[in-house]
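Q: I would like to learn how to read strand pairing and aromatic contacts in a model. Where do we begin?

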Amino acid sequence: MDIPSPPAVPFAVGTFSTAGPAAGPPFPGLVKDGRVLDLSEHADTTRGLLERWDDVLPLLREADGDWRPLDGLAVHAPVDPRQILQSGANYRTHVIDLAVAHEPEGGRPAERVRAETAAMMDRRAAEDQPYMFIGLPSSVTGPYDDVVLPGWCAKPDWELEVAAVIGRPAFRVPWERALEHVAAYTIANDLTAREAVFRRDMPEIGTDWLRAKNAPTFTPLGPYLVPAEFVDPGDLRVALRLNGRTMQDESTKDMIFDVARLVSYASQTVRLLPGDLVLTGSPAGNGLHWGRLLRPGDVMEGEVAGLGVQRNRCVAEDA
């Protein structure tokens, strides 16, 4: 699979290894002009760089040395997070579409569902209460790796998202200061087994995010960490193409809660650490909306303006 060109930013950071059968251990690298500079002298991993981000970032602006061509390297998930905090129901159009799709046959008219859902989101925004849950790092895979569809999963779906990457540790930070703790941004595709979201055996319990979202390879991540100084998270275009057809195409302007509010909210409970991810929710246009879920052989191409492109092929587990 061809590797897409890196984003048009001054530089980014990623995790790489030598391509081919003689691949060496992964190393952190600086990406610039289609070339990669090994940053192992500064840290063994990108998470190590993030732990010293305030000191490392000025060095990256002036870094030089033995550059390698990007197309001769394997690109891995750009960071190994300790924690993944995920935001659900955070794009207005997406929430309205889901509410209509989940309305039982013979239930409320679609226009009534839309109006009531819009009013609910207005209340949530006024009360400043995002909806967040926990993901597992073991679900992370690389930006160009295969996504394995488990044999038990009948309704696998895509959800492309912007991910904020923590640099400075954050605990109980106010939203006005939250972005000071974000070192970079990257792309995450938060796949979901739709049939596993709700516990039919225990409806009073509600959602089962462990089963629905955390299978191995269900979180393609990357390709790169783009420093926050190059990104306006409030106005990014998020687009997913399935086999070349555009399925999601929306601006982060449609978010109910912006990145600062999500990071602040998560930090009220969780001590966020360097390398942790705060996923910001997915816009309208997932497979449930289209009535077309993932199948073996499908190729997802996820793009966020300024952050690059990831491309993942779906394969059956028994393959």
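A: Begin with a definition: two strands pair if DSSP finds at least two bridges between them. Note also that this model is predicted.

Q: How many residues lie between β16 and β17 in their hairpin?
A: The hairpin of β16 and β17 has 2 residues between its strands, and Asn243 in the turn has a positive phi of about 55°. The two strands pair in the antiparallel sense over 6 bridges, with Arg237 opposite Ser251 in β17.

Q: Which strand besides β17 pairs with β16?
A: β19 (residues 299-304) pairs with β16 over 5 bridges, in the antiparallel sense. Here Arg241 stands opposite Glu301.

Q: Why is β16 described as largely enclosed by the rest of the structure?
A: Of the 6 residues of β16, 5 are buried, so the strand is largely enclosed.

Q: How is an aromatic pair read?
A: A pair of aromatic rings is described by the distance of the centres and the angle of the planes. The structure holds 5 aromatic pairs. In one of them, Phe11 and Phe230 have ring centres 5.2 Å apart and planes at 90°, so that pair is edge-to-face. Phe11 precedes β1 and Phe230 lies in the loop between β15 and β16, 219 residues apart. Phe11 is buried, at 6% relative accessible area, whereas Phe230 is partly exposed, at 26%.

Q: Is the pair of Phe133 and Trp209 stacked or edge-to-face?
A: The pair is stacked, because the planes are at 15°, with the centres 4.5 Å apart. Phe133 in β7 and Trp209 in α6 are 76 residues apart in sequence, so the pair ties these parts together. Both residues are buried.

Terms used. Residues numbered from 1 in each chain as written. Predicted model: local features only at pLDDT ≥ 70, side-chain atom pairs only at ≥ 80, totals over all residues. Heavy atoms only, no water. Buried < 20%, exposed > 50% of the residue type's maximum accessible area, 1.4 Å probe, protein only. Helix = DSSP H or I, 4+ residues; strand = E, 2+ residues; numbered from the N terminus. Phe/Tyr/Trp six-rings, centres within 6.5 Å; stacked < 30°, edge-to-face > 60°.
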